[in-house]
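Please open the model in your viewer and keep the selection panel at hand.

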Amino acid sequence: MNILCIASEVAPYAKTGGLADVMGALPRELSRNGHDVRVFMPLYDRIDTTRLDLSVVAEHVPLRLGAHAYDLKVFAAGDSPRMYFVHCPALYARGSLYTNDPDEHRRFMALCYVALATCQQQAFAPHVVQCNDWQTALVPLLLKTRFAWDRLFARARTLLTIHNLNYQGSFPSSVLADLNLEHEAHHLHQELLRAGRINFLLHGILYADGVSTVSPTYAQEIQTPEHGAGLDPFLRARRSSVVGILNGVDYEEWSPEADAHVPARFSARDLSGKAVNRTALRAAFGLPQPQDVPLFGVVSRFVSQKGLDLVAEVMPEVFEHDAGQLVVLGSGDARLEETFFHLQRAYPRHVGFHRGFSNPLAHLIEAGADAFLMPSRYEPCGLNQMYSLRYGTVPIVHRTGGLADTVVPWDARAGKGTGFVFEHPDATGLGWAVGQTLRAFRDRAAWHRLMMNGMSQDFSWRRQARIYEQLFARLEP
Ligand code: ADP
C-alpha cells in the first residue's frame with residue numbers, strides 16, 4: 001500500500017508527547033512490512049538539520065491561506081519511511097512546536113495543503129491517508145473538496161487517529177477565510193459555525209473514513225459524556241467506525257538490554273545493572289542512597305490530565321515515614337512546577353525534581369526507579385507505563401484508557417499481575433496503591449515476581465502495525 005502520514009510531531013525530530021513516538025515507530029514498522037510510507041511534518045526551528053541528510057524536493061512553493069501568502073520549501077530524507085519536512089520560518093520558527101499565536105490554525109493548515117500538493121508533485125497516489133489529532137484533521141475534508149478533482153487521490157481512504165480528544169483545535173469562525181474553504185463552507189458543522197466556532201477535530205470525526213484512537217478502553221470512554229469532551233455525540237454516531245488500537249513500544253529505543261542512555265544494561269536474567277542505574281539516578285538528583293526503600297519515578301508533561309497534584313498530596317506521608325523516595329522529570333503548568341520545587345525543598349532527602357524535557361534522563365528514570373507513578377485522570381494510551389514494565393519498574397496507574405489495557409492488577413496470592421491499579425483518581429485511590437506498593441516491595445520474592453511479570457510483557461509495534469494494516473484494508477468511503 002501507499003501510505004501517507006501527516007503529523008505535527010515525529011520522533012526523533014520533534015516531540016512533546018506520545019504522538020511523536022507513534023509517528024516515529026509506526027511508519028517505520030509499516031515500511032518494514034513492504035509498504036511505501038511517506039511522512040510529513042513541519043521543519044520546526046528546533047530540529048537540528050545538520051544531522052539530517054536533507055534533499056530539496058520543492059522550492060518556492062507558493063501557498064495562500066486567505067489573505068496570507070507564504071513561500072515554502074519541502075525537504076526529504078530517508079527512504080523507509082520517506083520523511084518530508086515542510087520548511088517555512090514564518091510559520092515554524094517559534095521556539096516551540098505549539099503556540100497560542102493568532103496564526104496557530106494556519107501553521108497546520110499549511111502543513112496539510114503542502115503535504116497533499118507534494119503528493120501531486122511527486123505523483124504519489126496514497127491508498128491510505130492517516131492524519132493525527134486536530135492539526136491534520138481537516139485533511140479528509142480537503143480531499144473531499146479542494147482535492148476531489150485529482151484522480152491521484154481517487155483511491156485514498158482516510159483515517160483520523162485521535163491521540164488525545166481534549167486538544168481539538170477550536171477557533172473562532174473568522175479563521176474560515178484562512179482555510180480556503182469558503183466555497184465549501186456548507187460542509188462545515190453549521191450549528192457550530194453559527195455559534196461562531198470552527199472545531200478542526202470535529203471535522204476529522206465527521207469526514208474521515210475511519211476514526212481510531214490509541215487504546216480500546218479509550219475508544220469506549222470517548223463515546224461517553226464523561227470523557228467525550230463535547231464530541232461524544234459525533235463519536236457515538238460513528239461508533240461502527242471508531243476503533244482503539246493500542247500504541248506499540250519502540251523497543252529499539254526502550255530496552256534495558258540495549259539502552260545507550262544509561263550507565264548499565266540489564267535484563268530479566270541479570271538485574272544487577274538495575275541497581276547500578278538506581279544509584280546513578282539518585283546521584284543525578286542529589287539524593288542519598290538508602291538501602292531498603294523504593295524509589296518512585298515520574299516523567300510527564302505537567303498538565304492536569306496527568307494527576308500529578310495527587311502525587312504531591314499523597315507522597316509526603318511516605319517521606320515522613322522515611323519509606324520511599326521520589327524523582328520527578330517534567331515541566332508545564334507553573335503551579336505544578338512550583339508544587340514540586342516546594343516538595344523538593346521540604347523533603348530534600350526524599351525528593352528530586354528536574355524541571356524540563358530530557359530524553360536521557362527519562363531513560364535513566366525508567367531504568368533506575370523501582371516504581372513509576374501514573375495517576376492520570378484520563379490517559380488515551382500512555383507510553384511510560386509500558387516502558388516501565390520493560391525496565392522492571394512497577395507501574396502504579398489509575399484504571400483508565402490505555403493504562404487499564406496494559407497494566408494487570410497485582411494479585412499477591414496468585415503471583416499474577418504487573419502493577420498496581422486504582423479505581424478512583426483521588427488521593428485515597430493513589431494512597432491505597434502506594435501503600436500496596438510499599439507492602440509488596442518489602443516482600444523480596446513478591447517484588448521479584450512482579451518485575452518479572454512486567455518484563456515479560458510484549459507491546460511491540462510489530463503486532464500493532466499488523467492491526468493497523470488490517471484496519472487500512474477495511475476502510476471504506
Ligand atoms: P502524552 O502523549 O500525553 O504526553 P504518553 O505517555 O503517551 O503521554 O507519552 C509521553 C512521552 O513523552 C513518553 O515517551 C515520555 O517519556 C515522554 N516525556 C514526557 N515528558 C517528558 C520529559 N519531561 N522529558 C522527557 N521525556 C518526556
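**Around the ligand**

Select the ligand first: 18 residues surround it, and the closest are Lys 15, Gly 18, Asp 21, Arg 301 and Lys 306, where a residue counts as near if one of its heavy atoms lies within 4 Å. This is a predicted model, in which local features need pLDDT of at least 70 and side-chain atom pairs pLDDT 80 or more, while totals for chains, interfaces and linings use all residues. Residues are numbered from 1 along each chain as its sequence is written, and side-chain values use heavy atoms, without hydrogens and water.

Next, display the polar contacts (pairs of N or O atoms within 3.5 Å). A ligand oxygen lies 2.6 Å from a polar backbone atom of Gly 18, and a ligand oxygen is 2.7 Å from a side-chain N or O atom of Asp 21. At Leu 383, a polar backbone atom is 2.9 Å from an oxygen of the ligand. The ligand taken alone exposes 560 Å², of which the protein buries 93% (Shrake-Rupley method, 1.4 Å probe).

Now colour by domain, with bounds from an automatic or database assignment: domain 1 (2-248 + 461-474) and domain 2 (272-455) both give residues to the shell, so the ligand lies between them. β12 gives the largest share of that shell, three residues (strands are DSSP E runs of at least two residues, numbered from the N terminus).

**Out to the sheet**

Finish at β14, where Val 351 is the bridge partner of Leu 326.

Conventions:
Polar contact = N/O pair within 3.5 Å; in protein donor to acceptor, adjacent residues only side chain to side chain. Helix = DSSP H or I, 4+ residues; strand = E, 2+ residues; numbered from the N terminus. Pairing = 2+ DSSP bridges.
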